[in-house]
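Open the model in your viewer and keep the selection panel at hand. The tour goes from one selection to the next.

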Amino acid sequence: MALWRIDLVSLRLFVAVCEESSIARAAEREFIAPSAVSKRINDLESLVGSALLQRHKWGVRATPAGEALLHHARNVLRSLEKMQGDLSEYTSGVRGHIRIFANVSSIVETLPDELGAFLRRHDGVKVDLEDHTSAQVVRGVVDGATDIGICWDAVDTRDVEVFPYRNDQIVTVLHREHPLASQEQLAFVDTLDFDHIGVHPDSAMYTVLRRLAAEQGKTVKFRIHVSTFEAVCRMVRANLGVAVVPREAVGSYSQAKDGEALRIVPLTDPWAQRRLIVCVRRYDALPIASRMLVDHLCANPVT
């Protein structure tokens, strides 16, 4: 196979097609005609000697050969970004494009302020931030879909480098008329006789709560699942159940007028003191802008 004939534009377009699961959406993202993208993919398949995409009515999906090429293509493009970032030190200041996957907790807590402070000092740097569950964050780092991940350390991090970021506290949020609302503190097991409001079923929080309940010989009676912590608070405000969530995630809502009906009660369980981490595939292989952001986020871990 004459793989040296593969050009960078074709690799970038192939990555875009895989990430968008659509040739048309990839073409729109890369400002190129869909027919030109198809031609590039066909040329890649001819060079590789194998089909790279499975085409369906709903879009496309990478074949096993395509998954292998996607992994290497991301590495190649990431290396080029690192080279560009390193060389930019010798021009007009640090430049770069940083991709971040973060769990919802970190996004609604201090991450926006910290990113704002970093970008004000490095206005040539661009950041793409996506919210994912903690498990998806780590998988994105391992697969090369993102440069930096921020998540709960309750997930498997064996394949990534980890740096402490901040600690937060898991609390119970209740309606003020709930039978447990008069308590100054609670153990998690105390909440298991009542209906719960849960976040994303794929989230680390959901998985951990179910495991902890099982260790007590019980189950969490999730009455409703919602996608955001604000929605959790609204459901609790309607007295539809209790919620176990990070304190910072509900702090601003509880101080608003709509939050007057809420009561926040700390949990006494040791696991309720939660550690958030920054994870990367290899720190020394990151582009300079990404390394600088990791240093910025981890310079003063918040406890």
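Select Ser-106 to begin: this residue sits in helix H5, residues 104–108. Helices (H or I, at least four residues) and strands (E, at least two) are DSSP runs, numbered from the N terminus. This is a predicted model, in which local features need pLDDT of at least 70, side-chain atom pairs count only at pLDDT 80 or more, and totals for chains, interfaces and linings use all residues. Residues are numbered from 1 along each chain as its sequence is written, and side-chain values use heavy atoms, with hydrogens and water left out.

Is Ser-106 buried or exposed? Ser-106 counts as buried because its relative accessibility is 1%. Buried means under 20% relative accessible area, exposed over 50%, and partly exposed in between (1.4 Å probe, protein chains only). Now show what Ser-106 touches. Leaving aside neighbours within four places in sequence, Ser-106 is in contact with Leu-111, Pro-112, Ile-150, Tyr-165 and Leu-276. Contact means heavy atoms within 4.5 Å.

**Zoom out**

Select the protein chain. It holds eleven helices and eleven strands. Its C-alpha trace spans about 70 × 45 × 35 Å along the principal axes. Of its 303 residues, 47% count as buried. Take the contacts between residues at least 6 apart in sequence: 73% of them join residues at least 24 apart. The chain exposes about 15,500 Å², and carbon and sulfur atoms supply 50% of that. Accessible areas come from the Shrake-Rupley method with a 1.4 Å probe; for residues, only the protein chains shown count as cover.

**Helix H7**

Select residues 134–143, helix H7. Ser-134, Val-137, Val-138, Gly-140, Val-141 and Val-142 are buried here. What covers these buried residues? The cover includes S3, strand S5 (148–152), helix H8 (204–215) and strand S11 (273–280). Step just past H7 to Gly-144, which takes a positive phi of about 85°.

**The largest pocket**

Select Glu-19, Arg-29, Glu-81, His-97 and Arg-99: of the 19 residues lining the largest pocket, these lie nearest its centre. Two or more lining residues come from each of helix H1 (8–20), helix H2 (23–30), helix H4 (64–88), strand S3 (96–102) and strand S4 (125–131). The pocket volume is about 580 Å³.

On a 1 Å grid over the protein atoms alone, a cavity is a set of points where a 1.4 Å probe fits but cannot get out; a pocket is an open set with protein on both sides within 12 Å along at least five of seven lines; lining residues have an atom within 4 Å of a point. Grid points are joined across faces, edges and corners, and a volume is the space filled by probe spheres set on the points.

**The cavity**

The count comes to one cavity of 30 Å³ or more. The largest cavity has a volume of about 50 Å³. Its lining includes His-196, Met-205, Tyr-206, Phe-222 and Val-245. Strand S7 (196–198), H8 and strand S9 (243–246) each give two or more residues to that lining.

**The loop between S6 and S7**

Select Pro-179, in the loop between strand S6 (161–175) and S7. Pro-179 is exposed because its relative accessible area is 59%. Pro-179 and Phe-194 are 15 residues apart in sequence and 9.5 Å apart in space, C-alpha to C-alpha.

End on Val-189, found in the loop between S6 and S7. At 27% relative accessibility, Val-189 counts as partly exposed. From Val-189 to Thr-219, the separation is 30 residues in sequence and 9.8 Å in space, C-alpha to C-alpha.
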